[in-house]
Structure formats: structure tokens, C-alpha cells
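Hello,

Here is the structure we talked about. Please open it first, then read my notes below.

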Amino acid sequence: MNPNFTWDDLQFFLAVARTGQLSTAARRLRTSHATVSRRIDRLEFALKVKLFERNPRGYVLTTMGQRFVETAERIERETEQLQFDISDGMTAQRGVVRLSTLEGFGNFFLSDRLAEFAGRYPNISLELVAIQQIMSLSRKEADIAVALAAPKAGPYHSEVLTPYTLHVYGARSYLARHSKIRTRNDLSSHRFVGYIEDMIFTPGLDYLGEIQPGLRAHFQSSSILTQLKAARQGLGLCVLPYFMAKDETNLEIVLPEEIELKRTYWLICHRDQIAMPRVRAVRDFLVEAVRENRGSFLRDGSPTIGQKRPLEEQ
């Protein structure tokens with residue numbers, strides 16, 4: 001064993017490998033940029049191998065670095081499991097977990113339960129990334145993802161988190177000043193709010209053509225929150241998840257007995273990370289929170305007109 005090698009340097013290596021940036025790795029490790037750089041240099045010197053290529057955009061793994069990730073992650077898992085086995089469980093459930101979710105789920109469901117999570121797992125630092133485009137698990141941009149489809153292939157653990165329904169909503173003010181909507185065909189004469197077409201990154205968000213061929217959004221936004229606000233202001237009809245819009249007193253469901261879309265949230269993470277205590281804790285919390293609030297995601301009493309299949313079935 002090289003006397004300059006220390007196991008502790010592996011966490012710095014993994015942080016940089018997963019983020020590609022010294023500064024980002026430093027924030028995740030609660031340390032300084034200089035410390036991370038020094039630890040990487042020391043590890044490469046001890047192993048006598050170059051693990052990263054440095055360039056202006058960040059740190060990129062070399063071929064040997066990519067191979068070393070597997071070894072380092074295996075050591076990380078075993079270390080966490082050892083800590084869990086010899087402790088009461090709480091002390092082992094520590095560290096940073098980055099969770100990537102779709103904006104609606106992250107901002108309209110999970111954000112209301114962050115205090116509960118923090119109280120239950122005080123030693124876990126949760127990084128919630130709630131943006132339109134799901135971050136890449138394969139590039140280690142996130143530890144867990146909540147997405148609309150499971151990966152076709154790869155070393156992933158995938159499980160259904162919950163199905164949910166979507167409906168066409170309109171503000172009372174909009175519906176009062178526009179023509180009545182009695183059938184699906186009437187929708188073609190109305191304005192819609194929706195996603196920017198060339199920025200729809202997953203088929204599960206492409207709603208309008210499924211409701212009525214040829215429907216186009218007059219106001220478009222990449223943010224579901226902005227779409228909700230636009231619908232509130234009467235800019236047009238909007239397809240929204242039931243769990244987001246059910247408490248909006250100014251919005252009404254249009255054709256509730258005829259139009260309903262169905263989607264499924266999947267929980268996905270690397271197969272070799274699901275056993276890590278901190279990752280498992282986040283997974284268990286999400287599953288439990290959704291199960292306890294299942295009624296918030298599904299509106300009973302309406303027929304389902306469409307459901308996107310998981311990618312592996314398409």
C-alpha cells in the first residue's frame with residue numbers, strides 16, 4: 001500500500017467525478033475549492049495515475065478514472081453499510097443526496113414535505129433540483145430522479161412511484177367570456193396555454209395533440225408554474241396535473257367526464273446506489289409520502305383517454 005494513499009481521498013474523487021467541477025464538489029462536501037484540488041492531486045500522486053483531464057469547462061474523467069469510479073463507489077457502499085451496521089442507523093444516514101424531479105412534483109408536492117424530511121433525517125443534506133429537464137443519472141448529475149418513464153436499459157433501479165391524472169382547466173373568468181365547451185370538438189376554437197413545442201424533452205409532456213389533433217398553445221412556457229399562473233389570469237385553457245390544480249378555486253375542469261390524461265411518475269436511481277443508507281432513506285421517504293397522499297394524484301370518476309407507456313415498452 002502506498003503510504004501516501006488514504007481512503008478519505010475517495011470521497012473527494014467521487015464528488016468531482018459526479019459533478020465535473022471543483023467548486024460544485026466543494027459545496028457538496030462543505031469544504032473549500034483548494035482542499036478538493038489538493039486531495040485530487042494527492043490521490044493521483046499516490047496512485048501514480050491520472051484520473052482527470054483538466055480543461056476550462058471542468059474536470060473530465062480519463063479512461064482510468066472511469067474505471068476507478070466503480071471501485072471507489074463499491075468502497076463507498078461498503079463503508080456506508082458498515083457504518084449502518086455498527087450504529088443505530090441514524091448516524092449512517094448522513095451525507096448529500098441530489099434528487100432531480102419534474103417541476104410539478106418537486107414544487108407542488110415534495111416542497112411541502114421538506115420540513116418533515118429534515119426532521120426525520122437531520123444528517124442528510126437534500127439537494128432538490130426541480131427543473132424542466134431531468135438531470136442525467138448516467139453522468140452522475142443526480143443520485144435519484146423522479147421521471148415520467150423508466151430507462152430502456154442500463155444499471156438502474158426503477159419503480160413506479162404513482163400514477164396521476166391531468167385535466168383541461170380554465171379560469172372562471174375565461175370560461176365566462178368565451179363560447180361554451182360542450183364537446184371535445186369545441187376546444188379547437190379556444191386559446192390554450194402549454195409547453196414550448198421544441199423544448200418538450202419527453203413525450204409524456206406532449207398533451208395537446210393527445211386531447212385534440214391540431215391543438216396549439218397560444219401562450220407557451222417551459223415552466224408548468226408559469227402555465228398555471230397564465231391559466232389563472234385567463235390567458236387560455238391549460239392541461240394541468242390534478243394534484244397541482246385541485247385546490248385552485250378560480251379554475252374549473254373542462255369536460256371532466258370526457259377528457260382525462262394519465263401519466264406515471266417513476267423513481268429511478270443507480271442499481272448500485274439503492275442500498276446506500278442515505279439514498280435508501282430518500283427513496284423510502286418519497287414512496288411513503290406518495291402512498292399516504294395517493295388521493296391527491298388521482299381524480300376518481302372520469303374515464304382515462306390516454307397514458308404514455310414507459311420507454312422500455314415503446
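**What I found**

Arginine 30 follows helix 2, and its phi is positive, near 60°. Helices (H or I, at least four residues) and strands (E, at least two) are DSSP runs, numbered from the N terminus. This is a predicted model: local features need pLDDT of at least 70, side-chain atom pairs count only at pLDDT 80 or more, and totals for chains, interfaces and linings use all residues. Residues are numbered from 1 along each chain as its sequence is written, and side-chain values use heavy atoms, with hydrogens and water left out.

**Confidence**

pLDDT is the predictor's confidence in each residue, from 0 to 100. The protein averages 86, and 87% of the residues score at least 70. Over residues 301–314 the pLDDT is below 50. Beyond near neighbours in sequence, that stretch has 39 contacts in the model. Contact means heavy atoms within 4.5 Å.

**Helix 2**

Helix 2 covers residues 22–29. Its residues Leu22, Thr24, Ala25, Ala26 and Arg28 are buried. Buried means under 20% relative accessible area, with exposed over 50% and partly exposed in between (1.4 Å probe, protein chains only). What covers these buried residues? The cover includes helix 1 (9–19), helix 3 (33–47), strand 2, strand 3 (95–101) and strand 4 (124–130).

**Strands 1 and 2**

Strand 1 (residues 52–55) pairs with strand 2 (residues 58–61) in the antiparallel sense, over 4 bridges. Two strands pair if DSSP finds at least two bridges between them. A hairpin of 2 residues joins strand 1 to strand 2. Arginine 54 has tyrosine 59, in strand 2, as its bridge partner.

Next comes threonine 62, in the loop between strand 2 and helix 4 (63–86). Is threonine 62 buried or exposed? Threonine 62 is buried, with a relative accessible area of 10%. Leaving aside neighbours within four places in sequence, threonine 62 is in contact with Lys50, Leu51, Phe52 and Glu53.

**Cavities**

A search of the whole structure finds 3 cavities of 30 Å³ or more. A cavity is a set of points on a 1 Å grid, over the protein atoms alone, where a 1.4 Å probe fits but cannot get out; lining residues have an atom within 4 Å of a point. The largest cavity holds about 120 Å³ of space. A volume is the space filled by probe spheres set on the points, which are joined across faces, edges and corners. Of the 14 lining residues, the closest to the centre of the largest cavity are Leu102, Gly104, Tyr195, Leu205 and Ile224. Helix 5 gives the largest share of this lining, 3 residues.

Best wishes

Notes. On a 1 Å grid over the protein atoms alone, a cavity is a set of points where a 1.4 Å probe fits but cannot get out, and a pocket is an open set with protein on both sides within 12 Å along at least five of seven lines; lining residues have an atom within 4 Å of a point.
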